[in-house]
Amino acid sequence: MAEPVADICVIGAGAAGLAAGIFAAELQPALRIELLDGATSIGAKILVSGGGRCNVTHDVVTPDDFFGTRHLVRNVLAAFPVQDTVAWFASMGVALKREETGKLFPVTDKARTVLDALMARNRELGVVLRPGHRVASIERRNESEQAGAEDLPRFVIRHQHGETFARHVILATGGQSLPRSGSDGSGYGLARHLGHHVTPTVPALVALMLDEQCFHADLSGLAQEVEIQTLVAGRSVDRRTGSLLWTHFGISGPVVMDASRFWCLAKARGEAVEMVGNFLPGRNAEQAREWFLAHANGNPRRSLLKLLAESLPERYAETLCRHAGGNPQQACAQVPRAIRDRLLTALTQFRFPVVRDRGWNFAEVTAGGIPLEEVNFRTMESKLVPGLYLVGEVLDCDGRIGGFNFQWAWATGRVAGRAAAASLGAGRGR
């Protein structure tokens with residue numbers, strides 16, 4: 001029986017893998033392209049993204065929205081800008097809408113619309129989708145076997161159903177986030193076996209759990225603006241302002257999710273790390289003191305709670321008063337100085353008692369991975385292994401919340417798919 005041979009074998013049929021299959025097949029329709037995925041049902045991660053709506057991309061995407069080697073990220077993103085992404089989805093029948101935050105979603109508000117379109121386009125182009133094909137290893141064939149025969153496959157891919165031989169391989173296995181969707185980090189082992197390095201990986205875009213003695217459970221469901229600063233060994237490594245969501249287990253919301261990578265990386269390195277919150281963004285401790293005193297002097301009989309509620313959600317204001325040892329109903333001019341100072345410190349320099357992140361099962365993306373320096377940014381081809389291409393979350397590049405990681409997936413998938421197809425020329429017919 002003849003051995004199964006693919007011109008291009010894409011390992012991992014998530015966002016980047018599905019994009020790679022489409023762009024490769026569009027450029028060279030005669031190539032045999034196969035997508036192998038370990039899950040029995042393709043696209044689980046797409047379906048749960050964006051609360052089941054799939055935040056496809058963002059209306060403005062810049063290299064500053066990502067953590068990775070900045071100039072390399074810039075070049076990859078430039079190869080497939082947002083307007084091209086929007087047009088690409090429109091060509092597949094998926095119209096996108098912009099929300100106030102700048103996030104772009106399908107007008108149907110259903111992630112299934114996005115997944116169905118990507119899978120349908122692959123099938124329309126003749127790409128073979130093979131779910132339930134978890135890859136155990138990728139081996140490079142002995143170069144002597146290929147001497148003078150460029151058409152022979154370079155790789156042997158071993159999976160649950162046997163072996164597939166491929167001329168080119170696109171590794172789109174994802175990171176370690178949401179392992180139940182299939183992205184369990186196995187791709188890193190495949191890449192290491194082929195000679196690539198993998199930087200330490202930690203959860204990113206993940207909620208953080210607080211010490212149970214904290215008051216977070218009393219505020220569960222409340223969202224408010226806060227400036228969060230992450231300090232590693234006493235030095236500020238990140239500062240950002242946005243919406244924080246109090247939960248029964250700790251803190252979440254966009255500002256926390258974006259900051260979480262810094263906490264997780266420091267913790268993984270065994271470094272002392274703190275997250276400090278300022279619930280009066282734009283005011284430092286001294287300015288907050290002046291604000292408090294001005295209001296207390298102007299209306300001394302006003303209760304402490306009413307004063308604070310002018311700038312803060314009332315439920316949070318009341319909880320914070322009690323945390324600082326104060327009486328929410330006490331006239332603000334009568335608040336003892338010690339309590340006032342504790343209150344202002346808690347308002348502007350609150351040290352979140354983070355005990356751990358919520359883990360891979362809840363992380364939306366992975367920080368760390370295969371260094372971008374080991375990939376040719378013009379093609380996404382490995383600099384170490386000819387014929388191997390690396391895309392999406394398996395690379396050491398993660399974006400902030402808001403559709404940026406999907407844009408990275410579409411862009412890297414396009415670059416790799418077209419480059420791999422172009423390098424094979426017309427290839428063999430199916």
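How many aromatic pairs does a search of the whole structure find? The search finds 19 such pairs in this predicted model.

**Aromatic pairs and cluster**

- Phenylalanine 89 and tryptophan 410 form an edge-to-face pair, with 5.2 Å centre to centre and 75 degrees between the planes.
- This pair ties together parts that are 321 residues apart in sequence, because phenylalanine 89 belongs to helix H4 (residues 82-91) and tryptophan 410 to helix H12 (residues 404-424).
- Both phenylalanine 89 and tryptophan 410 are buried.
- The pair of phenylalanine 279 and phenylalanine 350 is edge-to-face, since the ring centres are 6.1 Å apart and the planes lie at 65 degrees.
- Phenylalanine 279 is in the loop between strand S16 (273-278) and H8, while phenylalanine 350 is in strand S17 (residues 350-352), so this contact links parts 71 residues apart in sequence.
- Phenylalanine 279 counts as buried at 2% relative accessibility, and phenylalanine 350 is buried with a relative accessible area of 5%.
- One aromatic cluster is formed by Phe23, Phe80, Trp88, Phe89, Phe406 and Trp410.

**Arginines over rings**

- Arginine 53 lies over the face of phenylalanine 105, at 3.8 Å from the ring centre.
- Arginine 261 places its charged end over the ring of phenylalanine 262, 5.2 Å from the centre of that ring.

**Helix H8**

- H8 comprises 14 residues (285-298) and spans 20 Å from its first C-alpha to its last, close to the 20 Å expected at 1.5 Å a residue.
- The buried residues in H8 include Ala288, Trp291, Phe292 and Ala296.
- These residues lie on the same side of H8, because they cover an arc of only 125 degrees around the axis.
- Helix H9 (304-309) and helix H11 (337-348) are among the elements that cover the buried residues of H8.
- On the face turned away from the buried side, H8 carries the exposed residues Asn297 and Gly298.
- The N-terminal end of H8 is capped by asparagine 284, a side-chain oxygen of which lies 3.1 Å from the backbone nitrogen of glutamate 286.

**Asparagine 122**

- Asparagine 122 is located in helix H5 (residues 111-124) and, at 0% relative accessibility, counts as buried.
- A polar atom of the asparagine 122 side chain lies 3.2 Å from the backbone oxygen of leucine 18.
- Leaving aside residues up to four places away in sequence, asparagine 122 touches Leu18, Gly21, Ile22, Leu35, Val127 and Leu129.

Key:
Residues are numbered from 1 along each chain as its sequence is written. This is a predicted model: local features need pLDDT of at least 70, side-chain atom pairs count only at pLDDT 80 or more; totals for chains, interfaces and linings use all residues. Side-chain values use heavy atoms; hydrogens and water are left out. Helices (H or I, at least four residues) and strands (E, at least two) are DSSP runs, numbered from the N terminus. The expected span of a helix is 1.5 Å times one less than its number of residues. Buried means under 20% relative accessible area, exposed over 50%, partly exposed in between (1.4 Å probe, protein chains only). The arc is that of the directions from the helix axis to the C-beta atoms. Contact means heavy atoms within 4.5 Å. A polar contact is a pair of N or O atoms within 3.5 Å; within protein, one must be able to donate a hydrogen and the other to accept it, and residues adjacent in sequence count only if both atoms are side-chain atoms. Rings of Phe, Tyr and Trp (its six-membered ring) pair if their centres lie within 6.5 Å; planes under 30 degrees apart count as stacked, over 60 as edge-to-face and the rest as tilted. A charge sits over a ring if NZ of Lys or CZ of Arg is within 6 Å of the ring centre and within 35 degrees of the ring normal.
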